[in-house]
Every structure is written in structure tokens, then in C-alpha cells.
Amino acid sequence: MFKEMHDLFQWAWLIPALPFLSFLLIAFVTKRSKGLSSTISILAILSSLGLAIAIAYSVIRAGAEIVEHPAIINVNWLNIVGLKIDFGTIVDPLSAMMLFVVTLVASMVQIYSLGYMRGDVGWSRYYAYQSLFASAMLGMVLATNLLQLFIFWELVGLCSYLLIGFWFFKVSAREAAKKAFMTTRVGDFGLLLGMLFLYTKFGTLDFVALSAALNTSFQDVVVVGTASYVTVMAFLVFMGPVGKSGQFPLHVWLPDAMEGPTPVSALIHAATMVVAGVYLVARMYFLFDFASPAALQFVAGLGAFTAIFAASIAVVQNDIKRILAYSTLSQLGYMMFALGVGSFSGSMFHLMTHAFFKALMFLGAGSVILALHHKQNIWDMGGLWKKMPITGWTFFIGIMAISGMPPFAGFFSKDEILANALHNGHPIIYAVGLFTAFLTAFYMCRLFFVVFMGPVKPENQHVNESPWSMTIPLMILAFFSLIGGWAALPEHNFAFFVHYGEFEHEAINWFLAVISVLAGLLGIGLAYAVYVKKVIAAESMAARFPGIYKLLKNGYYVDEVYLWIIQNVMGGMGKVLYWFDIYIVDGIINGLALTTRGSGKLLRRTSTGQVQMYAMVFFFAVVVLFMVFAFGEGQLTALNPLATLGGVK
């Protein structure tokens, strides 16, 4: 049976290849035909989804065998002296889960875009970028080595730049695209250094070979300093995920990425760019295992800080997409600190469930924005549940899922992360995660109550539900947001939810689960009391604590701090470097040039072309040389008394 499955796994390369082929067809053949372009793109990603489902099912059937022996197929790409590079595909529980999530969300986004992007002049270009984006992420998931992964990693960054700045005629969109591209490059520089150091030390970038090399190094007592070296490499590799997955302090690009079309935001936040960093840490988890405990402690601490940091900012935001963006930052922090505390399965499980309900809520927000003629301020909305029932009910399911309410998907994944944090000896991180769960339930229900249950605005009286091309993807994602968490129940043993080194999830700790549910209910209740029953006036709280409100509203002024550093510190350094360049470097070069030019002018005067002048100079030169030698010999005779006795001739 496993051989038959392996035959299927050999076709995994088609999953990224099909969207890439659709990108080429749209870009070079069908770009003038909008209908044909979107049809090709959607058929390609649906075909990839079908193949991903087949591979995931085969992985489930293979069970522990595929965990111990991943299906790896490599083709040599470059082989020169001292350097061998393979390109290939790896099918294991982790990649199978990611293939399913990426293709499902990308399919729903592309179908949804038929309604959302209708009439846009860049229709074909949009679907070409969507296809390339999906292909890049899928290629990264299947990569068998770090170099191959890095190529697709950078392609993912390029696609995010193209799609965030899709409406390039807007200055804000152009600036947001550049900000995303440049900020993530900071982290990518660290990742590239880590790759170079790994290759220098172990002579390979292949995941399996690296893991084996690390095992060998740590079994050999002769190797000195390996742990510290590996720790440095782990920190460098982690810089890439810090940028891509929006961890503090490189989180600043993600809220501004909302300038792209809303379906793009759904794809970026749910299944592509931002989860790429989490996936990389998971794929390279063996590196962190062999590093000093400080490496995973740093991952856990930074993830926990990002989770509560972003959640606190989301509490006072008014733009519906920015609220969801800060929510994504917070949930990415959850995934990162889960990896840091050793909850590998919890992190990957939350990545999957988050993809379902975050894509659902972004697409739901897009449905609202389109119905309200691109209004995004939640205070311009209200009473939309009755006018847009499908959008309202599906959005409600997403809210319950992210708030961790049973039996929705987020309850199971969030509970596993919190339980593992406490079980593995991280009570402070557990407390931070629990408080973040309370804040998440509060600000997400704040959004829901204001948008869907608030008073109807007079200008919104004639709002209608979105077309079926948009509501069908909402219902499909709502279905997975509802039942997606059941896969982790102990009796299900889904192989692609394995814990690192183990085969299945731990049983639910119902005591801790009740505590986390109570924290969520408290957040929901507080939001209901403030924004529905008006027991506490939100405006009065903002007026009572204006400093805190402004601090949160402006995201702790991190962007302003960066701007000040760029303008003053880096600007000052630039002025110093400019002075040094002008007066020292250029001064030396210009001085040498002046000296050369002056010498040339002087020597030029000796080149008159008159033979008589040359003969005279030659005569005087001979006279001078004769006098010099004669004077020198006379001096020598005077200084040497033996010369008069014939001792010196």
C-alpha cells in the first residue's frame, strides 16, 4: 500500500506547477480576456486542491510510516566541485497539512474574487499575481532544502509586494508595498547569513542531511563549540520568520498591508506570507532542538510578547481590516510561542484552524466593505446582520472560533497551546496567553457587535447581501471553522497533526479548557456590556485615560520611533559619512589627481621637440653626474687615511 501511495507522492510537484502554469498563460496568452484568465487561474488552483486532498488522505492512511520515512524525491539541479544542489519535493505530515490549507484558502479567495474584483481594470493581472502567489507558497512548502525554500520564500515576498501595491495609483498602496518588502528584507538578511553559516559548517542545506549532521556532531565528543555555533545559526534563521510572520519589532508592515484588495489580505494573513515564517521554524525545528535552550526560550518569549502587544493595540482600532490585521499578529505570536514551549502540534494545529477562521473573517469584512461602497470604519456600519444574513452568520462563526469557544475550531488549537505551555513549565507564558485570549474575545466581539448589531445608519438602509460567488466561499470556510478542530480529538489520530517526536495529540485537559473558555466568555461579556447594553461608555473610558488610549491607538508609536531613528540617527550618520566622503575620501583622491596633473604640467615643459635643447640638457646632466661622482670619491679619500698609502684605489 505504501508503494502505491509513494507513486502518488511523486506527483506532488504538480501542486505548485499548475498555478505557475496558469500564471504564465495569463501573463503571456490570455491577459486580454478577463473571463478566460480567471477561469484558468481558478481551475488550476482547484486541481491543486484536489491533488492536495488526495495526498493528505494518503498521508493519513500511511500513519506512522510516513512520519518515520517521509516521501522525498530529489532531482539534481547543480553539481560542481564543492557544491551540489538538489530540487525536489518532501511529503510528510507537515507538508501535507500545509498543502491542504494553502490550496483550500487560495481556491476560496480566487472564487470570492469573481464578485469582489468585478469590473476592476487589472482583472487579468490580479489573477496572474494570485496564481503566482499560490505557486510560490506551495513550492516553499514542498522544498527539500533551505536554498530551494529560500528561492520560493523570496518569490512569496515579491508576490506580496505586487498584490499589496496592486492599486498602484494610490500613494498609500505603493508605500505599503514598499514598506512590506523592505521590512521583511531585514529579517531575510539574517536568514541568508544563517544559511551560509550552516553550509560552511555542515556542507549541506538539505533538511534530512542537516538533521543527520547535527546528530553526528552532538554524538562526537571531539566537536567543541557546536552547541553555541548552532545557537547562533538558530537565531539567524529565526530572523527570517520574525520579518515574514510579523513578530515584534518587524511587525510594522502587516497593518499597512491592508492597502491591497481585501481578498489579498485574506490570502496573506491566512495561508501564505505570514504563516511562511511559522512553517520555516517548524521545518527547521531540529535546529532549535540542538541549539541552546535559550533559542527556543527566545522564540517563546518573543511570540508571547507579540501576542499580547498586538492584542492590546487591536482593542482601540476602528478600521475593520486593521483590527483583523492586529488580530493576525497576535495569533502568529500564539503560534510562535507554542513552538517555543515545545507544542509543535499545537502550533501547526492553530496555524490550520487560524487559516480557516481568519480567511473567513477577512472575506466577510470584504463582503461588508463592498456592500457599503468601501467604507472601512466600523462606526460607519451597524445593523448588518439582518441585511446580510449569510455574511453575518458566517462572520459570527469566525468570531466564536477565534474567541476559543467550543465546539468551534479555535477552541481545540488554543487549548492545546495553553495546556502545553503550562505542562512544559512556562507559567508566565501561559498567563500571557490566557490574558491574550480574553483580549481577543473582547476586541473581536467589539467588532462584531458594532458592525452587525449596532444601530443601522440611514445611508446604509439599502444594503444587500453579496453575490453567491462571495457567499459560497464564506459558507465553506465557516464549515471548516466549525468542525476543523475535531480532527485533533484523541480518537482521530490524524497523522498530519503529529507532535514533534510523537504521533498524536494529548488528551484535552478539561480543567484548563474551562479556564480558557471562561476567559473568552469574560471578554465576550465585557464587549456586550460596553457596546450593546452600554453599561460602560467606551467614550468615557477613552476620555478618562487619554494617554493610554493614544498610546494604543498609535500602536505604541513604533512607526514614529523608526521614523525618528531614520531621520535623526541614521540621518546624522549619513551626514557624517557624507562629510567623510567629500572631505577625506574625495580629498585624498582629488589631491592625488592634482599632484599628477601638476607633475604632468611640469614634465610637459621639458618636451619641446628641439634637438638642440635636448643636447644641452644631456650635456649638463653628464657634467652634473661627473661632479657628483668626483665629489663622492674625494669625500671617500678624505675620510679614509689608508687611501694615501695605496690601501684604497
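Modeller: Happy to. Keep in mind that this is a predicted model. Overall, the protein has 27 helices and two strands. Its radius of gyration is 33 Å, well over the 26 Å that the globule rule gives for 649 residues, so the protein is more spread out than a compact globule. You can see that in the C-alpha trace too, which spans about 125 × 60 × 55 Å along its principal axes.

Now zoom in on Ser481, which sits in helix 22, the stretch covering residues 468–483. Ser481 counts as buried because its relative accessible area is 0%, and the cut-off for buried is under 20%. So who are its partners? Leaving out residues up to four places away in sequence, Ser481 touches Phe356, Phe357, Leu360, Ile397, Ala401, Phe408 and Ala409.

Contacts across the sequence turn up throughout the protein: among those between residues at least 6 apart, 80% join residues at least 24 apart.

Stepping back out, 52% of the 649 residues count as buried. The protein exposes about 28800 Å², with carbon and sulfur atoms supplying 71% of that. As for charge, the mean positions of the 36 positive and 31 negative charges lie 15 Å apart.

Technical notes
Residues are numbered from 1 along each chain as its sequence is written. This is a predicted model: local features need pLDDT of at least 70, side-chain atom pairs count only at pLDDT 80 or more; totals for chains, interfaces and linings use all residues. Side-chain values use heavy atoms; hydrogens and water are left out. Helices (H or I, at least four residues) and strands (E, at least two) are DSSP runs, numbered from the N terminus. Buried means under 20% relative accessible area, exposed over 50%, partly exposed in between (1.4 Å probe, protein chains only). Contact means heavy atoms within 4.5 Å. The radius of gyration is taken over C-alpha atoms; the globule rule is 2.2 Å times the number of residues to the power 0.38. Accessible areas come from the Shrake-Rupley method with a 1.4 Å probe; for residues, only the protein chains shown count as cover. Lys and Arg count as positive and Asp and Glu as negative; His and the chain ends are not counted. The place of a charge is taken as NZ of Lys, CZ of Arg, CG of Asp or CD of Glu.
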